[in-house]
Amino acid sequence: MESTIRRIQINTQHLLSNNECSSDIDPQYLEIKQSFDANSLNKYLFPYEPELKESLSTFWKNEKILLQSSFGLSLEEDRELTFSQFKRLMGLATQHFGLIDLERNPKKLAVFTQGYRFQNPSVTTLMGVHFSLFGASIVFLGTEEQRKRYIEKVEKLEIVGCFSLTELGHGSNVQSIETIAEYDHDKEEFIINSPTITSQKYFIGGSAKNATHTIIMAQLKVSGKMEGVHAFVAQIRNYDGTLVKGVDIRDCGVKMALNGVDNGRIMFKDLRIPRDQLLNRFGGVNKAGIYTSPINPANKRFANTIGALVLGRYIVSIGSVAFNSVGLTTAIRYSFSRKQFQGSDPKFEKQLISYSSHRKRLIPHLANTYATHFSNNYLLDLLCEKVKKEKEIHILASALKAYSSWSTRDCLQECRESCGGQGFLSENLIGNFKSETEIYTTFEGDNILLYQQVAKFMLSESRKNPPPDYQQPSNDQKQKTDREYIRSFDFLLAALNSRLNQTIQYVTEKLSDSVSEGSAIMDAWNDNGTYIVRLGVAYTEKTILDKFIVGVMNYPDENTRNALKLLVSLYALNIIDHDNWFLKYQFISPEQSESISIQILELCKEIVPYSISLTDALGFDHERLGPIAGDWISRNKF
């Protein structure tokens, strides 16, 4: 922390060095407060597996191959570097945890993912495909015998895996994928085919060049009967690199980002695999050629199959927090040392962070990042429970994935613009990470559909436990515009709870009206999709606020807790300010709306002196950041 402040002060002196009045103190200079220990807050934010965390921290600083960037490389050079880094990363990972820890102790994966300090996100994406998709499929969908057969090979890279779910014609609608796996009883084999052009597996990470095996998600057909979507392990390349008979793979080519990942498209033509390569934890074909499953009907079986892979959505959410942390740490540090235009005293130029408009661009994203992190921690605790709350895990993971990925998209854009041309330079990481994280918004589920899943759950729950009728606050309450009331957690919780409960009732009525007017259920759902998504968002933001408040109020140090409470108020007030529901349904008065806008600006200003400590607590030291996060003037000497 002290070294961070010292670097910022050095830059300030550089800027003043040619000014005759450099010995004077800029009356508008915004100082950094050291009122709490960022290291202690970091330990509170990331409390699990401290020994593993420390070991990884040391490793990242010394592993030269993993620190190499892919800036300026050709497509083939980028892929070659990425695959080399991936192999080294896997070697490191398996020294500390194994695939089975995805089930037994996912905190290890969380520490590993949150500890990444690379300039090449393609590496972690490739590892995610191999470890957290291909490997996780075996862990969560396979039997004990299948685990024993494959897990060690996956960990040692004796096989390199990818995950073949998405098709050219089907992505989110997994139940309608066209790939068919038909059982041949005489030979005890499955015959896998891509019957149409649109059935080709598409945009499959790792498949174009390196993967030897894949998980194929396909419609299972046994004795002429379709049994729904199942997962199969299939070899797609021989160990000399040639394609297995029945497999055709083409390269998807250059993408807007993540070009170190070799995305491919795959067609299957009479690919034969043994009967025991169907991952049959939830259903399989016995030697008599009969399909059996402990879970029926097929829709419920499908839900269990897809639900078992929910870990990927959690990884997206913690990855989003990590990328936000890099962008915000860089942009906020730069805004303290970079100056532009004179203020009231013509002898001095003003720090970027002293501009209200600049603070408004960055500080709300810092609040969102902290808010998301506390919900991520809550989800991780759920994932670690011996008796899993499967439904809550699935809904919360869907909600956080959608919220966090859109948050990162917006956060990194603001960080990029706030740094001007410097934010566009690859060495400062923000622009590069912005491009690399674009995929977060669509993989592991389209966000619009994820929010609809969340809303569907809320509507189902409301039939069992109807929410209370919405009642506007009293006139006396709506006349309160003082900062204490507007910032109070009671007001903020009441606001988001009221919006959620009223939205549940509103959507329920809209769907009921559509059906009463003759619409089919699915048509009614589609016609009201905009309102349904709003319900998903309302649940997500309310849940995040709940977990944020709990996490902040449990922090033992009062000074730190007070700074964090400012973030909580800013997070919730920003939601209220951006959603016209609160005025439309008269939860707040026009006067309160004006007060909220003012308080947001005031909160941004009050948080600024703590912002360096708050970003440092997210754990990204300056050595892994771009030049503008440090002494950027010395860095640009000729």
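Reply: First a term: a salt bridge is a side-chain nitrogen of Lys or Arg within 4 Å of a carboxyl oxygen of Asp or Glu. This is a predicted model, where local features need pLDDT of at least 70, side-chain atom pairs count only at pLDDT 80 or more, and totals for chains, interfaces and linings use all residues. Residues are numbered from 1 along each chain as its sequence is written, and side-chain values use heavy atoms, leaving out hydrogens and water.

Me: How many salt bridges does that rule give?

Reply: The count is 29 salt bridges.

Me: Which residue does Glu-385 pair with?

Reply: Glu-385 forms a salt bridge with Lys-389, and their closest N and O atoms are 2.8 Å apart.

Me: What about Arg-487, which residue does it meet?

Reply: Arg-487 meets Glu-606 in a salt bridge, 2.7 Å from N to O. Arg-487 lies in helix α17 and Glu-606 in helix α23, so the pair ties together parts 119 residues apart in sequence. Helices (H or I, at least four residues) are DSSP runs, numbered from the N terminus. Arg-487 is buried at 10%, while Glu-606 is partly exposed at 22%.

Me: New topic: why is helix α7 largely enclosed?

Reply: Seven of its eight residues are buried, so the rest of the structure largely encloses helix α7 (residues 107-114). Among the buried ones are Leu-109 and Phe-112.

Definitions and conventions: Buried means under 20% relative accessible area, exposed over 50%, partly exposed in between (1.4 Å probe, protein chains only). Helices (H or I, at least four residues) and strands (E, at least two) are DSSP runs, numbered from the N terminus.
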